[in-house]
Amino acid sequence: MSQISSNEANEGLYSPTVLKMVYTPVVIWFSHTLAWKLPNPVVHRNHREHVGRTHLTVGPGNGYFLAKLPKNTPLRTLHLLDLNRACLDVTAQRVGDRFDVHTIEQDALQRWPVEEAGLDSVDCHMMLHTVRGKNLLDKEALIAEAARALKPGGRFFGATVLAKGEGVRVNGIARRLLDVYNSKQNTFCNLGDSSEDLRAILDKHFSDVQFQVHGCTGVWVATK
Ligand SMILES: C[S@@+](CC[C@H](N)C(=O)[O-])C[C@H]1O[C@@H](n2cnc3c(N)ncnc32)[C@H](O)[C@@H]1O
């Protein structure tokens, strides 16, 4: 298992070239579909249905899902929060002509520099499994920040790769990738992450939680 230390940027993995040329086919098309069994249509639907006028994305990667929002999306002001500068820059370039984009370069476990109860929606897709921690309880600060930053009735939606728990099915490809990625520094850190812990933390911070397991991912839409 990877050494648990502080969260640090991974500039080799998240370089502009990787984000523009490799990330979409390898991670979003191949790994989501064949390893983690996360249906991309569910992620698109959740973005379409739950993004509000003022939104914050935690860990935007290359901005793939934000760029696919329909023309009639209510989104106007978009905050991007990420530890890796290239993810902020590539996503801002990709969607900056559609939305008023603000970037925040920091660890998502630290307090977010946004007003309390000021956001309509927050999304966090496929990044909690990369955050350092023995298990999801060590990552609770991120979910607590989403709750603090949202208006009453605001939506927090996302997905993460889980290693165990009720309903979680880890196929052969996923098992191999989990082992390899968890052995690398600043790549994955999720061997202790379970569906029960994720559900319990969401229930603690949000009034209504819709939670589903797809393959070895937990997918949620939570309302403050
Ligand atoms: C696997 S990518 C997911 C990208 C995107 N959300 C998607 O679903 O396609 C993980 C993202 O989380 C960011 N990230 C990882 N750990 C982070 C941390 N501790 N704080 C903030 N961002 C982090 C990475 O830089 C990257 O943008």
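Which backbone oxygen lies 3.0 Å from a polar atom of the side chain of Arg76? I looked it up: the oxygen belongs to Thr73. I count a polar contact as a pair of N or O atoms within 3.5 Å; within protein, one must be able to donate a hydrogen and the other to accept it, and residues adjacent in sequence count only if both atoms are side-chain atoms.

**Ground rules.** I am working on a predicted model, where local features need pLDDT of at least 70, side-chain atom pairs count only at pLDDT 80 or more, and totals for chains, interfaces and linings use all residues. Residues are numbered from 1 along each chain as its sequence is written, and side-chain values use heavy atoms, with hydrogens and water left out.

**Arg76.** I placed Arg76 in the loop between α3 (64-67) and β2. Helices (H or I, at least four residues) and strands (E, at least two) are DSSP runs, numbered from the N terminus. Arg76 is partly exposed, at 41% relative accessible area. My cut-offs are under 20% for buried, over 50% for exposed, and partly exposed in between (1.4 Å probe, protein chains only). I then listed its contacts (heavy atoms within 4.5 Å). Beyond neighbours within four places in sequence, Arg76 touches Arg53, Phe99 and Asp100.

**Strand β1.** I checked residues 54-58 and found 5 of 5 buried. Thr54, Leu56 and Val58 point one way; His55 and Thr57 point the other. In a regular strand the side chains alternate between the two faces of the sheet. Next I looked at pairing, which requires at least two DSSP bridges between two strands. β1 runs parallel to β2 (residues 77-82) over 5 bridges, and Thr57 has Leu80 as its bridge partner there. β1 also pairs with β4 (residues 119-125), again parallel, over 4 bridges. Leu56 is bridged to Val122 in β4.

**Thr160.** I found Thr160 in strand β5 (residues 150-161). Its relative accessible area is 0%, so Thr160 is buried. Its side chain reaches the backbone nitrogen of His129 at 3.1 Å. Leaving aside neighbours within four places in sequence, its contacts include Met126, Cys216 and Trp220.

**Rings.** I counted 5 aromatic pairs. Rings of Phe, Tyr and Trp (its six-membered ring) pair if their centres lie within 6.5 Å; planes under 30 degrees apart are stacked, over 60 edge-to-face, the rest tilted. Phe156 and Trp220 form a tilted pair, 5.5 Å centre to centre with 55° between the planes. This pair links β5 to β7 (residues 217-223), 64 residues apart. Both Phe156 and Trp220 are buried.
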